[in-house]
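Subject: Structure for your files

Hello,

Here is the structure I said I would pass on. My notes on it follow below.

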Amino acid sequence: MKVYSPNEKTVIRLRINGQIYETEITPRKLLVEVLRELGFKSVHIGCDTSQCGACTVILNDRSVKSCTVLGIEADGSDIITLEGLAKDGMLHPIQEAFWETHALQCGYCTPGMILEAYWLLKEKPNPTEEEIREGISGNLCMCTGYLNIIKAIKRASEIISTKKS
Amino acid sequence: MYVGKPIKRIEDSKFLTGRSTYVDDIEFPGTLFVAFLRSVKPHAKIKIRKTSDNIFTGEDINPGSDFPIPVEETTYVGQPLAMVVARDRYEAYDLLESIEIEYEELPFVIDPQEALKNDVKVYTKKESNIYEYKKWEAGNTEESLKEADLVINGELYNQRVIANPLETRGILAHFDGNRLNVWSSTQSAHYLRRNLMNFLGIDNIRVIQPDVGGAFGSKIIAHPEEYAVAKLALKLKRPLKWIPTRSEEMQSAGHGRDKRLRFKVGVKRDGTILGIEGTIIADLGAPYPDANDDEIGNVHSTIRMMLGPYRIQNVKIEEYAVNTNKAPTQSYRGAGRPEATYFIERIINIISLELGKDEFDIRERNLIRELPYKNALGITYDSGDYMGLLNKAREYYQSLKKEANVDECVGSSMYVEITAFGPWETARILAKSDGKIIIITGSGPHGQGDGTAFAQIVADVLEVPIENIEVRWGDTDIISDGIGTWGSRTLTIGGSAMYKAAEELKRRLIEVSAKMLNADAEEIEYKNGIFSHKKSGKSITLKEVIQNAYSMGYSLDVTYVYNVTKPGYTVPYGVHMALVKVDKETGSVRVRKYVALDDVGKVVNPLLAEGQIIGGAVQGIGQAIYEEAIYSKEGYLLNSNLTDYGFPTAMEVPRIEWHYIEKGLSSHPTNSKGIGEAGAIASTPAVINAIEKCIGKRILKMPTKLEEVI
């Protein structure tokens, strides 16, 4: 069993948006800080009690609030952040739909919101309005009043299913 | 034409792909992190012992004064008292633990109604807790109440709430050997620069407003921490960054509203309002000058707008703006006008219930018939068709009522609002030699999407594709000066500056084209990027004209200062309606549907305007049902985190329908009025009025609590 002492730094390996990163951290460092220090500034901090979801990332295929995971706990994991969502310069349909429906204002919740939507649509490709509302209830937005976000996610699910068929 | 169309935001790309830059995303080599020790006593003499060279106190920032950082006396829990500087935020918060502080507790006062008795001093160096006492009077109120068939007494409390932008405040300050460079999550780079110049006594300061994660009024003022970090950056000559935690943010910033009204209203049987008499007590919190200056203006707005869209001639209001040992209050979306609309529209609802008459009938009976109209407290309502809008709203109201189930009620509110304040705003427009048009605003958008609206306005004036235009703001180095983004002013005042700047650029381009075509300027016709000589039929393109202007020595760099003339505001209005579902068994309340009808003059971009209405309405619904900053008797904020502080999630928001008319144009070149705050102003009373009908008893305070609804 590995024992961590408070000031001792440990090397962790993360696969972020398909690339491997190695970094040396103390055991108390939160994953959100690790990601931001590695340059993934889209991962935002909106609170200190795990409520707002601005730090949401996809960690081993699940949406996770990265402010509530220690960096060392994430050692060896596979992570997607918003920076990794657009492929070959093409926006992901969720990004496209957020733009089209005006689902963002200040943009601070947007990265976490889009990743939560990404995970939700993987779980439920054709969610109802209620399922979308519930699906993003861990992500707070202070600007939009949510309605355009709900619209965007619905729209994204339609774009994705048209592309598949 | 781009103006009037729902153009998608040109700002969005970076936000959608994670390439935005908020203040905490900015890094300099060698940046140190700053954290603040905060008071845990509402009122006390303090003594701080520096156990390390990396600890700084009020003596280092403002010797001999208790503001912005107390030297001797703290006046609220959460007040910054000392600061530490460390390599990163983890070490900074460790170091905070080591500060030795002695509190000598002093008597304190939390309730403003107690505070105004002046038995206990909020701050020992101030003679009175009453920041301002004023009588506001018009007509003969006493007489009007005597003539009334019915005098209704009541008390209404518009509670303290917290703005809570998802990004907190934050600052990065860096003295480069020559001048101080400051990045801040603020509502205006230029205004913060002026504040810092005044405080620091130097003028070589550059302020940059990077991307800002919302504000809702909370980032207008310079906060104590901003002054302190800027000062310390000059002292230490190292880049310093400060980002508070959410709990710190909630304890110390973004507090707003918090006003009480005790009233008497005299009405006739037919619903005519004869006069209103009342006392307003506004809680300013602790005596931090920047915040108090901000909020006292809001108190005046509350009182002067309290007559709503009604012909009320007799009014007498006693105002007490009072300091207490709580976090200082500041502007919060609406900045005094929500309280005004809340008070008068709650009174309308109460009258309607007392007289057993429809609220729309009460409104119609008292409504202002002709515009412009100067209300009894001196506010001029400039333009519109109040009756026309009310009648249109009545149709929506009737259909909402038809939709309501047995356990549901429909409430409504009508608002008038002052927007688009002066004194001026700047715009700069320049054409690069390659033909690109750069526009720079002196205001400071932080989510509202005004950049897109500015581009629409300029694209129309210059008759070019919107893609040719780049929009920038938020750096005191790129434009001469500016005011800022607040008071729902940006699109209208900033946009008018932009419109005028674009016209001037166009005039210059026509002059250049005339020279190129050997013609007089009057002979040039400009259309869609082509300058044609009417006589010769020769034409040249915009790009050619721009390129030649440079070789001819013409400047294509225009700054326009748009000066706002009296009265210095323009007045939108509207009716909002809420269908609420009340579960009398559990006490739970939910807004199921919401319809808004507004006249904000010319709507430059309906997609973005609707976004503002929805966002504002949800914040107002939040105030009605979920939100309150709760202080204990001991002076502690009991809910300083997003778990305990109720806030609507996607689960709680209703369907919202937005309609608009364009009857009341403003006299500004954009013909627009402000919309940024309207949703938050109108929604709170609409929701409470609906709940009040459903539960059959008067609602005195918000948010509606489960146990009070049952």
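Of the 710 residues of chain B, 65% count as buried. Please keep in mind that this is a predicted model.

Chain B overall

The secondary structure of chain B consists of 18 helices and 28 strands. Its radius of gyration is 27 Å, close to the 27 Å that the globule rule gives for 710 residues, so chain B is as compact as a globular protein of that length.

The accessible surface of chain B comes to about 24,600 Å², and carbon and sulfur atoms account for 48% of it. As for charge, chain B carries 87 positive and 98 negative side chains. The centres of these two sets lie 3 Å apart.

Aromatic pairs

Over all chains, the structure holds 17 aromatic pairs. Two of them are described here.

Tyr21(A) sits in strand E2 (residues 19–25) of chain A, while Phe40(A) is in the loop between helix H1 (31–37) and strand E3 (56–59) of that chain, so the pair ties together parts that are 19 residues apart in sequence. Phe40(A), with a relative accessible area of 7%, is buried.

Another pair, in chain B, joins Phe67(B) and Tyr123(B). This pair is also edge-to-face, with 5.6 Å from centre to centre and 80° between the planes. Phe67(B) lies in the loop between helix H2 (58–61) and strand E4 (73–74) of chain B, and Tyr123(B) in the loop between helix H4 (112–115) and strand E7 (130–138), so the pair ties together parts that are 56 residues apart in sequence. Both Phe67(B) and Tyr123(B) are buried.

Finally, there is an aromatic cluster in chain B, and its members are Tyr373(B), Tyr381(B), Tyr386(B) and Tyr573(B).

Regards

Key. Residues are numbered from 1 along each chain as its sequence is written. Chains are lettered from A and ligands numbered from 1 in the order in which they are written. This is a predicted model: local features need pLDDT of at least 70, side-chain atom pairs count only at pLDDT 80 or more; totals for chains, interfaces and linings use all residues. Side-chain values use heavy atoms; hydrogens and water are left out. Helices (H or I, at least four residues) and strands (E, at least two) are DSSP runs, numbered from the N terminus. The radius of gyration is taken over C-alpha atoms; the globule rule is 2.2 Å times the number of residues to the power 0.38. Buried means under 20% relative accessible area, exposed over 50%, partly exposed in between (1.4 Å probe, protein chains only). Accessible areas come from the Shrake-Rupley method with a 1.4 Å probe; for residues, only the protein chains shown count as cover. Lys and Arg count as positive and Asp and Glu as negative; His and the chain ends are not counted. The place of a charge is taken as NZ of Lys, CZ of Arg, CG of Asp or CD of Glu. Rings of Phe, Tyr and Trp (its six-membered ring) pair if their centres lie within 6.5 Å; planes under 30 degrees apart count as stacked, over 60 as edge-to-face and the rest as tilted.
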